Amino acid sequence: MSQIELRNVNKTYGKNNCVIDNLNLRIPDGSFTVMVGPSGCGKSTTLRMIAGLESLSSGDLYIDGTRVNDLEPGERDIAMVFQNYALYPTMNVRENIEFGLINAKVPKPEREKRIREICETVGLSPYLERKPGELSGGQRQRVALARAMVKQPKVFLMDEPLSNLDAKLRNQMRTELIELHKKLGTTFVYVTHDQTEAMSMATDIVLMNQGEIQQVDSPERIYHDPANLFAAQFIGNPTMNLFKRSETEPFPDLPEQVETVGFRPSKVRLLEPGDSPNGEELVTSGPILTRELMGSEIIYRLRSPFGIITFKTFNEKQLPEDMIVRVAVMKNSLYLFDADGRRVRV
């Protein structure tokens, strides 16, 4: 069992620089938990506290039911994969993977068995005698993963491990990490600022901003049921359409406390000539400002009477810029938020 629990954790630097403010979080055993948020939100600091690389200013940290506040990193039974891989350039792949096992005084036959099995798992068997400088970025990333895996830890911690890879390789490595997690069944804690990584890999997402947790949920729920305005804006690509309430906006029967109304671009329906909206739809029109061809989908921006609307279609036909079109949104697809950004449910 490798559940992680942070209780009333604070992290401050100096007197006035509070990075983590009274954080309470339970990371389930065997989960692939992704901590996501903008730069400087505290996610990497939280990961480093779990690893023992940063001390807690106050609060308690438990791994597998044991309080580990005062344990050194090497005593926590965790393994960490860094953004820059942190490989030894003068050692070959085998030596890089084996180094930690030698320090842990693992017998040589057991070391060789683990290295052989791990390298088969991550596809490094043909490269054991090569130095890091002779490997591609993806291969170096696999060496970093293999070095962590060979320790057979309770918890894997990963701090933006794919950020140095190109887009194609990032996609490939995301798939490999998902498969690796399923195979190992170990707790993964992964930090990223990239919502695509979070949505595609996580079983659980921890969304953070300014040192505080905004929402903890599955990828599906955090997308379809955001708890607040920050979650609604941060998760989703293209981002949610958001409009301030005013007398001129066509949003009827809103509760008094509603300050902002939003809807996902995917919920906007392009009306063809002659289409009649049903009574549960809100309709507006305007000229197309821009279009982006994204392969199977086209993303449009439309100037409506109350603001810019982003929507997307899967039509092969591209609509020309400046063309006047009508769009509709179901009333039950609207998200409502109060002046403090809290979700208003009706």
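Mentor: Let us begin with Phe243, which counts as buried at 5% relative accessibility. Please note that this is a predicted model, in which local features need pLDDT of at least 70, side-chain atom pairs count only at pLDDT 80 or more, and totals for chains, interfaces and linings use all residues. Residues are numbered from 1 along each chain as its sequence is written, and side-chain values use heavy atoms, with hydrogens and water left out.

Trainee: Why is Phe243 called buried?

Mentor: Buried means under 20% relative accessible area, exposed over 50% and partly exposed in between, with a 1.4 Å probe and protein chains only. Phe243 has 5%, so the residue counts as buried. Phe306, with 15%, is buried too.

Trainee: What makes Phe243 and Phe306 an edge-to-face pair?

Mentor: Rings of Phe, Tyr and Trp (its six-membered ring) pair if their centres lie within 6.5 Å; planes under 30 degrees apart count as stacked, over 60 as edge-to-face and the rest as tilted. Here the centres are 5.0 Å apart and the planes stand at 75 degrees, which gives an edge-to-face pair. Phe243 lies in strand β11 (residues 241-244) and Phe306 in the loop between β15 and β16, so the pair ties together parts 63 residues apart in sequence. Helices (H or I, at least four residues) and strands (E, at least two) are DSSP runs, numbered from the N terminus.

Trainee: Why is the pair of Phe230 and Phe234 called stacked?

Mentor: A search of the whole structure finds 8 aromatic pairs. In the pair of Phe230 and Phe234 the ring centres are 5.6 Å apart and the planes are at 20 degrees, so the pair is stacked. Both residues lie in helix α8 (residues 229-234), 4 residues apart, about one turn of the helix.

Trainee: How do you know that Phe230 and Phe234 are buried?

Mentor: Phe230 has a relative accessible area of 19% and is therefore buried; Phe234, at 18%, is buried as well.

Trainee: What makes the link between the side chains of Thr33 and Ser31 a polar contact?

Mentor: A polar contact is a pair of N or O atoms within 3.5 Å; within protein, one must be able to donate a hydrogen and the other to accept it, and residues adjacent in sequence count only if both atoms are side-chain atoms. The two side chains make such a contact at 2.8 Å. Thr33 belongs to strand β3 (residues 32-36) and, at 1% relative accessibility, counts as buried.
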